[in-house]
Structure formats: C-alpha cells, structure tokens
Amino acid sequence: MDAKSFAMNSSGFVVLSDLVPQVVQEIRYYSTYNFIGDRIDGYEEPLALLTREAARALKDVANELIVKGYRLKIFDAYRPVKAVRHFVLWGIEDLDLRMKPYFYPELEKEELFAKGYIASRSSHSRGSTVDLTLLDMVTGKEVDMGSPFDLFSEKSHPDYKGITDEQYDNRMLLQDAMVRKGFEPIDCEWWHFTLKDEPYPDTYFEFPVTSLR
C-alpha cells in the first residue's frame, strides 16, 4: 500500500530569499536553459521555495560559508509534482534531443531514468531538497566543481576521482557544510541535498512555484 500523499497547502513553506537574503538564485527550470530546453510546468516565478525547517538549516549553512568568502547559489528547491510529471512525459514521449550535448552527452535519454538522474517521484516535491553550488565573493563566479549543474554523468558523482584536487575539495567544502547543518547528499549529484529530518517525508506538494502565497 502506498502511504504517500499529495497536497496543495503551502503554509509550511517560505520564500527562501526572505529568510536568507544573501543567496543568489538561478532557477533553471523557470528558464529554458535546462535538460529539456523549455520552462518547466509549475514554475511561475524564478524563485526558490523551501519548507521553513529546510530554509532555517540552509540559513545556518549560508552564514557559515559567507564568513569563508562564499555565497550559496540556488538552482532549484521545491519542485511541484506537475514539474516532475513534465520530466517523465518528456522522457517517455518526446523525441526532442536538442539539449543532449549540454546535459547528457554520454547517455541515451532512457538511461536518465534507469541510472537515477530523473525519478518519477522527486524528493524536491516534499519541499526540503535543494540544488545548489558556491559563489566566490571575490571573483563573483561559481566555484569550479568539476562539472556543471545537471550534467548527467559520472563526472557529477560527488566522489568522482577524474577531477582535480581543487575541484574535489570544492565539492567537499559544500558537502561538509551542508551535512553539518543536517542535510544529506546523494551519490550521483554533487549539488543535491535533502534535509535529514524533513517535516513532510511522505507528502508530495502540487502548488506552483510563485510568491503569491
């Protein structure tokens, strides 16, 4: 029996930049620069939403790293169920491969699901998962992590050894800070973290990404 539930209630969520104003946001699924190449269903504004608990924990991460000269750059946070459905339908029905050279050059489209890069049900829809990187406050540029966000490749696995020591250290700087504040990484994406004690572990939310609360 499936104990998962779906909900439209956004009362447990916050606009991340309201709580953590120092974050930089580049919400890729609001733009067309993503692995599909179109704005994704459910992204009505280019902003990050998170549960209050995840946002508070991320604020602690941001405060720790800003002292070290880094800001957090957010690519994605809460992701509506509608958006995940968009991913799945694209994977099953759409033969459009225009973004393959940029995001999955080494894989066939169907492998994205088999290898776990795209799931039919995403932790992002529970509201306590975030995709992010570090921004160097001196250069104003993203820190070199050895692979870009959403590159579906072994190169993006956090423990991938085919990168430089500096790139690996950068990944571990981000990961160590996130883990200390209660987030858990996954084994195939260096940018992806979920709050360990997430408040809605069995609920997948369907409201759109918008500041209209």
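Is F149 buried or exposed? In this predicted model, F149 counts as buried, since its relative accessibility is 3%.

1. The ring of F149 is paired with that of F75; the centres lie 4.4 Å apart and the planes meet at 10 degrees, so the pair is stacked. F75 belongs to strand β5, whereas F149 sits in the loop between β6 and α6, so the pair ties together parts that are 74 residues apart in sequence. F75 is also buried, with a relative accessible area of 0%.

2. A total of 20 aromatic pairs is counted. One of them joins Y33 and F103 in a tilted arrangement, at 5.2 Å centre to centre and 55 degrees between the planes. Y33 is in the loop between β3 (24–25) and β4 and F103 is in helix α4 (residues 100–103), so this pair ties together parts that are 70 residues apart in sequence. Y33 counts as partly exposed at 42% relative accessibility, while F103 counts as buried at 2%.

3. Ring pairs also link a cluster made of Y29, F35, Y43, F87, W90, Y104, Y117 and F152.

4. The largest nonpolar core comprises 59 residues, and L58, L72 and I74 have the most contacts inside it. Helix α2 (52–67) is among the elements that each supply at least two residues; α2 gives the most, with seven. Leaving aside neighbours within four places in sequence, I74 contacts residues including L16, V23, L58, V130 and L132.

5. M137 lies in the loop between β6 (129–136) and α6 (165–180) and counts as partly exposed, at 42% relative accessibility.

Key. Residues numbered from 1 in each chain as written. Predicted model: local features only at pLDDT ≥ 70, side-chain atom pairs only at ≥ 80, totals over all residues. Heavy atoms only, no water. Helix = DSSP H or I, 4+ residues; strand = E, 2+ residues; numbered from the N terminus. Buried < 20%, exposed > 50% of the residue type's maximum accessible area, 1.4 Å probe, protein only. Core = buried A, V, L, I, M, F, W, Y, C linked by side-chain atoms within 4.5 Å. Contact = heavy atoms within 4.5 Å. Phe/Tyr/Trp six-rings, centres within 6.5 Å; stacked < 30°, edge-to-face > 60°.
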